[in-house]
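This briefing sets out selected features of the structure shown below.

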Amino acid sequence: MAPETEFSFSALPGPAQRHIRTFQIHQFLDRFAMGLTVAVVALALTDRGMDLFQISVLFGIYALTTMTLELPFGGLADSIGRKPVFLAAVVASLISIALFLATRDFYVLALSFVCIGFGRALRSGTLDAWFVETFKTTAPHTDVQPALAQAQWANAMGLAIGAVAGGVLPDLLGAQAVTYGFSVYDVSYVTSFGVMLGVFAFTVLAITETPRTLAPNALWYGFSNVPTVIGDAGRLALKHPTLSVLLAALALALMATNPVEVIWPTHARPMLDAGYANTLIGVLTATYFFSIAFGAWLSPWISRMFNRRHAVTLMATFACLAGLQIALALQAGIAGFVAAFILYSIVLGASETPASSILHTCVPDHQRSTMLSLRSLIQQLGAAVGLMAVGAIAEIYSTPVAWCVGAACLLVAVILTFVLVKRIDADPA
């Protein structure tokens with residue numbers, strides 16, 4: 001196998017450079033469309049009369065839909081092509097936005113969130129695989145990781161700028177929308193719908209892929225193979241106690257942290273002046289994404305602090321998250337809330353790398369994809385359960401009480417990672 005050469009954008013062939021730029025534009029537009037609604041979705045649901053429990057149930061429906069369909073759809077793009085599957089995902093997103101804009105009924109909104117989950121499951125890994133394969137064709141034996149990093153940068157920028165715009169638009173144009181009988185937050189959703197149409201057109205015109213022969217049984221095979229995938233991963237986890245403990249800790253962590261990500265705008269908004277509240281919510285949403293990215297960037301340095309003992313690093317980050325989640329719940333003023341929220345997001349970003357390192361150390365190559373699928377499944381399940389449980393507690397008591405209960409799940413995760421430390425120390429192999 002020929003060694004890979006160092007990445008240099010200026011030294012790449014013209015087709016490879018155009019390929020990277022095309023994918024960067026595509027990723028920016030796609031994530032910009034998503035960011036427009038991410039900033040205001042919880043507020044838009046509240047404006048439609050949903051309480052915190054209903055909001056949590058809707059996000060739980062989204063998580064369960066994604067969890068159910070992600071595995072069956074995993075091989076679909078390989079069978080019929082990445083471009084048609086991605087276009088189907090965009091159509092699902094457009095239907096979701098249209099349903100959201102058309103209703104205030106909980107059950108229709110639930111159908112909208114099913115469509116979001118459907119689109120998320122279809123999107124997973126489609127054009128990313130296309131990008132890597134085409135890059136290797138246009139620039140053979142060149143390190144692809146820096147090219148992926150450039151695409152990920154465009155991805156993050158799209159989300160962040162979209163989140164800011166999604167928060168600004170209701171403050172700028174919301175009053176006019178109300179005069180026409182719409183919600184102030186519908187402005188962000190209509191804009192997202194328009195950008196998503198642009199994503200569809202850009203995909204059709206700019207993304208080129210050799211058509212594949214449609215395998216009629218591809219989708220059926222995906223669904224029928226799910227029990228085998230889960231069974232193989234489950235047997236591996238049961239035979240490897242380190243994996244069992246790790247997956248349990250990750251599920252508990254998602255039970256605690258995902259409800260914070262979903263309902264924090266409803267908690268922060270009353271702290272803000274009504275004239276610029278939505279704008280600041282958008283800015284904070286963008287800051288959340290940047291903070292997570294910064295935490296991921298810091299993770300190697302944090303790992304060195306703990307002598308690259310990944311289980312110890314994970315235990316420390318979970319402990320910090322538990323403390324910061326309680327601190328976040330106790331903030332009554334916006335300045336303290338913002339400071340705690342930024343720190344919380346940074347630590348959340350730093351927790352991803354040590355968990356992944358432990359998992360990849362334990363799993364052989366031939367079962368790596370299977371275990372990653374099981375990890376995704378368990379984390380989505382933890383997120384869904386946490387959302388519904390915390391949403392119910394928040395509605396009965398308050399959001400701070402619900403977040404403190406979630407912090408208790410993080411403390412249990414700390415205990416499990418302590419067991420993980422002892423297990424790895426006793427059997428480093």
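In this predicted model, Asp-186 touches Arg-48 and Leu-101, leaving out residues up to four places away in sequence. Asp-186 is found in helix α9 and is buried, with a relative accessible area of 5%. Because the cut-off for burial is under 20% relative accessible area, a value of 5% places Asp-186 in the buried class.

**Helix α9 and its partner α5**

- Helix α9 covers residues 186-206 and has the highest confidence in the protein, at a mean of 95.
- Helices α5 and α9 pack at an angle of about 160°, and their axes lie 10 Å apart.
- That angle makes α5 roughly antiparallel to α9, and the crossing of the two helices is left-handed.
- On the α5 side, the contact is made by Lys-83, Phe-86, Leu-87, Val-90, Val-91, Ser-93, Leu-94, Ile-97, Ala-98, Phe-100 and Leu-101.
- On the α9 side, the residues of the contact include Asp-186, Tyr-189, Phe-193, Met-196, Phe-200 and Val-204.
- By class, the residues of the contact of α5 with α9 divide into 17 nonpolar, three polar and two charged.

**Phe-202 in α9**

- Phe-202 also has its place in helix α9.
- Not counting residues up to four places away in sequence, Phe-202 touches Thr-22, Ile-25, His-26, Leu-29 and Ile-207.
- Phe-202 and Thr-22 are 180 residues apart along the chain, and their C-alpha atoms are separated by 9.4 Å.

**Helix α5 and helix α6**

- Helix α5 (residues 82-102) also packs with helix α6 (residues 106-123), at an angle of about 165° and with axes 8 Å apart.
- The two helices, α5 and α6, are therefore roughly antiparallel to each other.
- The crossing in which α5 passes α6 is left-handed.
- From α5, the residues that meet α6 include Val-85, Phe-86, Ala-89, Ala-92, Ser-96 and Leu-99.
- From α6, the residues that meet α5 include Val-108, Leu-111, Phe-113, Cys-115, Gly-119 and Arg-123.
- The contact of α5 with α6 has 17 nonpolar, four polar and one charged residues.
- Phe-86 of α5 takes part in the contact with α6, and Phe-86 is likewise among the α5 residues that make the contact with α9.

**Gly-295 in helix α13**

- Gly-295 is found in helix α13, which covers residues 277-305.
- With a relative accessibility of 0%, Gly-295 counts as buried.
- Its contacts, leaving aside neighbours within four places in sequence, are with Ile-346, Gly-349 and Ala-350.
- The C-alpha atoms of Gly-295 and Ile-346 are separated by 4.2 Å, although these residues are 51 positions apart along the chain.

**The protein as a whole**

- The protein has 18 helices and zero strands.
- Of the 429 residues in the protein, 50% are buried.
- Among contacts with a separation of 6 or more, 83% are between residues 24 or more positions apart.

**Confidence of the prediction**

- The mean pLDDT of the protein is 83, and 83% of the residues reach 70 or more.
- Confidence is lowest in helix α10 (residues 218-224), where the mean is 61.
- Over residues 1-6, pLDDT stays under 50, and the model has eight contacts beyond four places in sequence for this stretch.

Terms used:
Residues numbered from 1 in each chain as written. Predicted model: local features only at pLDDT ≥ 70, side-chain atom pairs only at ≥ 80, totals over all residues. Heavy atoms only, no water. Axes fitted to C-alpha atoms, helices over the stretch in contact; angles between N-to-C directions. Helix = DSSP H or I, 4+ residues; strand = E, 2+ residues; numbered from the N terminus. Parallel < 35°, antiparallel > 145°, perpendicular 65-115°, else oblique. Left-handed = near helix turned anticlockwise from the far one by under 90°. Contact = heavy atoms within 4.5 Å. Nonpolar A, V, L, I, M, F, W, Y, C, P; charged D, E, K, R; others polar. pLDDT = per-residue confidence, 0-100. Buried < 20%, exposed > 50% of the residue type's maximum accessible area, 1.4 Å probe, protein only.
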